Amino acid sequence: MVRAWIAEASPLYERECYERYYRTLPEFRRKKSDALRSVEMKAQSVGVWALWMKIRREYGLPEDSAVNFSHSGEYVMCAAADSKSVRVGCDLEKIGVFRENVARRFFCPEEYETIMKEKTEEGRTQLFYRYWVLKESFMKATGRGMALPVNSFCIRLGEPPVLIRQPAEFSQEYYYVEYKIDAVPYKMAVCSTDKETDIGLHMELKL
């Protein structure tokens, strides 16, 4: 079973709160945070690890569980499996402007055409970010991340979305789950080789 959680990281913008969580981090995560410049990025880095530590405590997950992190804007996301033998990737993106040049250059033709069939700018924007998190969650699930060409695989939207073309080296069956929270302008998705993924998103009000 794969489960996903999100939490708001903006409380860590406050120095006192940030330092409290920072002190609980292992040394390698502190160094990662220290290398970041902005308050927002530091809060994301510390916040996502604090979320993972809370999940491990509450669910009794081992340290070497299959897990993946994402963060964007004020939120952090974590997806984890109760088996280390599966692949799992997640992505969270705050909805911004529609970047047609990115979709045209990097998405596969069917994906780009699906976006451009939408009659409104809002509709195209929503589809662009939906594809964005679906594609990045697969790339992260493979372990290749951004080293995997974005147009080397193709997604057909549906309930759920499905991969209609994928790299031969990653020929396993991959499964998608998308998440939505009203009044939270983000797109969220999990991609995994585990067919059993919790369709409910767990939202932690406090880390």
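The model is a predicted one, in which local features need pLDDT of at least 70 and side-chain atom pairs count only at pLDDT 80 or more, while totals for chains, interfaces and linings use all residues. Residues are numbered from 1 along each chain as its sequence is written, and side-chain values use heavy atoms, with hydrogens and water left out.

Cys-108 sits in the loop between α4 (100–106) and α5 (109–116), whereas Cys-154 belongs to strand β5 (residues 154–156), so the bond ties together parts that are 46 residues apart in sequence. Helices (H or I, at least four residues) and strands (E, at least two) are here DSSP runs, numbered from the N terminus. Both Cys-108 and Cys-154 are buried, a term that means under 20% relative accessible area with a 1.4 Å probe and protein chains only.

A search of the whole structure finds one disulfide. Cys-17 takes part in none, since the nearest cysteine sulfur, that of Cys-78, is 18 Å away, and Cys-17 is buried at a relative accessible area of 12%. Cys-191 is likewise in no disulfide, the nearest cysteine sulfur being that of Cys-90, 11 Å away, and Cys-191 is buried with a relative accessible area of 0%.

Turning to helix α3 (residues 39–59), its 21 residues should span 30 Å at 1.5 Å a residue, where the expected span is 1.5 Å times one less than the number of residues. The end C-alpha atoms of α3 are 30 Å apart, which agrees, and just after α3, Gly-60 adopts a positive phi of about 65°.

Key
A disulfide is a pair of cysteine sulfur atoms within 2.5 Å. Buried means under 20% relative accessible area, exposed over 50%, partly exposed in between (1.4 Å probe, protein chains only).
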